[in-house]
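The sequence and structure come first.

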Amino acid sequence: PESEKRRILIGMSNTGGGHKASAEAIKAAFQETYGDKYEITIVDLWKEHTPTPFNALPDTYSFLVRNAILWRITYQFTNPKLIHVPYLSAVSAFVSRHVSEALDSYNPDLVVSVHPLMQHIPIKVLRDRIKSGASKPINFATVVTDFTTCHNTWFCPGATRCFVPTEYCRDLAISNEMDARQIIMHGLPIRPAFSRRLPPKPRLRKQLGMDPALPAVLLVGGGEGMGALEETVAQLDGRLGDKCQVVVICGRNQKLQERLRERPAGPGHPLLHVRGFVDNIHEWMGACDAIITKAGPGTIAEALIAGLPILLNGNVPCQEEGNIPYVVDNRVGAFETRPDRIAAIMDSWLLKGSRHWFEDMGKRARALGRPEAVYRIVDDLAALTEEPYFDFGPATSALIGDDGAKKKK
Ligand code: UDP
């Protein structure tokens, strides 16, 4: 019956494509595992439930992240607790009422955050509501959707649980005064489609309109089609000619798509497959032999599951930086930003180098992939809706600024 349905509110914000992808992966895995026992609502709390100028967060991020220096300054400056805790406390004075109203209207049995700026304020609002009796006592979980290096605002000891993808993030959570009992490591939540068996490669390639036998490289630049994709295609053309096929997923970058479609085709050129934003990237990954991508956490985790050797060609400053040594040190790929060298690496991976070594890279990738992570996270979240509310107490107060501020006086 409707009354027995448990309600889960997932807070995300569209800063980049990854947070939304993670939220949707969790929702899909909930539906697959539990049918309609849970009602999952995904909401951009900042955009939809805070007043101007706070609702401009996604746009501000898009602007900042395209200006590497501005983003680096913003990120580094706000990373220390000493800065962001008082800052978020100050912001909370303006937005608390709105967040509280949102909680009132959704009336969730569990709040889940998949965004670095959705811990301190929602947790503080939730605690205040529980204390005053405005909310029933419910738990709060953070699912970290960055892979390695990530901002300290992800970690707030007031969260009942914090799901991290890697040891690196676990250590960061501990250094942010989270208790080991709060931290769970399953991996990044990736869409259930990545867990399903795909048809054999030649058949899959045929379905996608690809050549069944030619070596295939996949080029992606996150949801926005970022990076020197066009120049890379030109260099692959010059170096590998018609001995390979190249799939370019342009995401929402319409102009790139148009320019690529005008490229010369036919003998002497790679077979080029150009697509915009696709919702079957798992099939394209399954059909290709290697991937060239920026160091986005979602795309890396997906490529690992698909067993694809990964050539990273760039990264968003700060939060994606640690993903480069992760790929290189685990020997599942390489990092190179120059398109001519990228083409040379692809030449050695796909055509000239040791087959054995290339295949081992793919096997290591598959071994690191965590397709089951999303299901484990969802099972733990389902259990959290039943688990009694647990207040991690004084540490929380200090870190969200209220009692902590009083103590200093
Ligand atoms: N993606 C997709 N279709 C596209 C392009 C990208 O589904 O046409 C997905 C991709 O599979 C990944 C996400 O968008 O899940 C991008 O996340 P990532 O963390 O790699 O980079 P971001 O875009 O967040 O910077």
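The text below starts with the ligand and then turns to helices and loops.

This is a predicted model, in which local features need pLDDT of at least 70 and side-chain atom pairs count only at pLDDT 80 or more, while totals for chains, interfaces and linings use all residues. Residues are numbered from 1 along each chain as its sequence is written, and side-chain values use heavy atoms, with hydrogens and water left out.

**Ligand site**

There are 20 residues around the ligand, and G18, V278, K294, T299 and E302 come nearest (a residue is near if one of its heavy atoms lies within 4 Å). By class, this shell holds six nonpolar, ten polar and four charged residues; Ala, Val, Leu, Ile, Met, Phe, Trp, Tyr, Cys and Pro count as nonpolar, Asp, Glu, Lys and Arg as charged, and the others, Gly among them, as polar. Helices α1 (18-34) and α12 (297-305) each supply at least two shell residues, and α12 gives the most, with four. Helices (H or I, at least four residues) and strands (E, at least two) are DSSP runs, numbered from the N terminus.

| Residue | Protein atom | Ligand atom | Distance |
|---|---|---|---|
| G18 | backbone N or O | oxygen | 2.7 Å |
| R191 | side-chain N or O | oxygen | 2.9 Å |
| K294 | side-chain N or O | oxygen | 2.7 Å |

The protein covers 93% of the 550 Å² of accessible area that the ligand has on its own (Shrake-Rupley method, 1.4 Å probe).

**Helix packing**

Helix α9 (residues 229-240) packs with helix α10 (residues 254-261) at an angle of about 20°, and their axes are 10 Å apart. Axes are lines fitted to C-alpha atoms over the stretch in contact, and angles run from 0 to 180 degrees between N-to-C directions. The two helices, α9 and α10, are therefore roughly parallel (angles under 35 degrees).

**Loops**

The peptide bond from T52 to P53 is cis, with omega near 5°. P53 sits in the loop between α2 (45-49) and α3 (57-65). N107, although not a glycine, has a positive phi of about 45°; N107 belongs to the loop between α5 (81-106) and β3 (110-113).

How values were computed. Polar contact = N/O pair within 3.5 Å; in protein donor to acceptor, adjacent residues only side chain to side chain. Parallel < 35°, antiparallel > 145°, perpendicular 65-115°, else oblique.
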